[in-house]
Amino acid sequence: MAEIGQQVAEILEELCAVAKFGPGHLLVVGASTSEVAGERIGTSGAEEVAAELYAGIEQVRGKYGFDVAFQCCEHLNRALVVERAVLDRLRLTEVSAVPVRKAGGSMAAFAYRQLQAPCLVESIEAHGGIDIGETLIGMHLRRVAIPFRSTRRYVGEARVTAAWTRPKLIGGERAVYHLPEATESNLCD
């Protein structure tokens, strides 16, 4: 069971390195503890699995300083568990419910009980995310998502998909996206 936490930590370490996550960034986590345990999504939620996943996520979050939003299941309209400070900072829309295993899912329910000042928000636009067990987190990512393929493709028995986002590229053929390196030949007079 402890290896589940280590598996998710390995994936998040790789994602953080590529996406350069840090303070001020928001990561959405969708997780089916049933899928991690090798069962069909929504059938065998397990708090023990959620606890191990949470420990692995917290290990990496503590190192990089990003914020985490835990996605609830469809019975709570995929609302998200966040710290109240995140809700306030990002001016998110709060919704009223307390996630439990049968309405919200084991991961969201466990996270809700671990946070200092938990609340549920309707939606977010996260900088990236990890989807453990194909829970469909895409609706909570910013507009330009970049799929991320980690070295580890499973946590327990659940397939893992991850993504990070980048700003939209705007303009056209004349647009410049990076300042050129200063050389004598391109310096202005």
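Student: With which residue does D67 form a salt bridge, and how far apart are the closest N and O atoms?

Tutor: This is a predicted model, in which local features need pLDDT of at least 70 and side-chain atom pairs count only at pLDDT 80 or more, while totals for chains, interfaces and linings use all residues. Residues are numbered from 1 along each chain as its sequence is written, and side-chain values use heavy atoms, with hydrogens and water left out.

D67 forms its salt bridge with R89, and the closest N and O atoms are 2.8 Å apart. The two residues are 22 apart in sequence, D67 in strand β2 (residues 67-71) and R89 in helix α4 (residues 84-90), so the pair ties together separate parts. A salt bridge is a side-chain nitrogen of Lys or Arg within 4 Å of a carboxyl oxygen of Asp or Glu. Helices (H or I, at least four residues) and strands (E, at least two) are DSSP runs, numbered from the N terminus.

The side chains of D67 and R89 are also joined by a polar contact of 2.8 Å. A polar contact is a pair of N or O atoms within 3.5 Å; within protein, one must be able to donate a hydrogen and the other to accept it, and residues adjacent in sequence count only if both atoms are side-chain atoms.

The two partners fall into separate accessibility classes. D67 counts as buried because its relative accessible area is 19%, and R89 counts as partly exposed because its value is 42%. Buried means under 20% relative accessible area, exposed means over 50%, and partly exposed is in between (1.4 Å probe, protein chains only).

The protein has eight salt bridges by this rule. Another of them joins R159 and E134, whose side chains meet at 2.5 Å, N to O. This pair, too, links distant parts of the chain: R159 is in strand β9, E134 is in the loop between β6 (128-132) and β7 (145-148), and 25 residues separate them. R159 is partly exposed at 45%, and E134 is partly exposed at 41%.

R61 is partly exposed at 27%, and E58 is partly exposed at 25%.

The protein has five helices and nine strands, in the order α-β-α-α-β-β-α-β-α-β-β-β-β-β along the sequence. The C-alpha atoms fill a box of roughly 70 × 35 × 30 Å along the principal axes. Of the 189 residues, 44% are buried.

The cysteines form zero disulfides, a disulfide being a pair of cysteine sulfur atoms within 2.5 Å. For C119, the nearest cysteine sulfur is that of C72, 11 Å away. C119 is buried, at 2% relative accessibility.

Last, the pockets. A pocket is an open set of points on a 1 Å grid over the protein atoms alone where a 1.4 Å probe fits, with protein on both sides within 12 Å along at least five of seven lines; lining residues have an atom within 4 Å of a point. Grid points are joined across faces, edges and corners, and the volume is the space filled by probe spheres set on them. The largest pocket holds about 410 Å³. It is lined by 24 residues, and I41, G42, C73, R101 and G105 are the closest to its centre. The second largest pocket has a volume of about 220 Å³. Its lining has 14 residues, with H127, R142, T165, R166 and P167 closest to the centre. Strand β9 (158-165) and helix α1 (2-19) each supply at least two residues of that lining.
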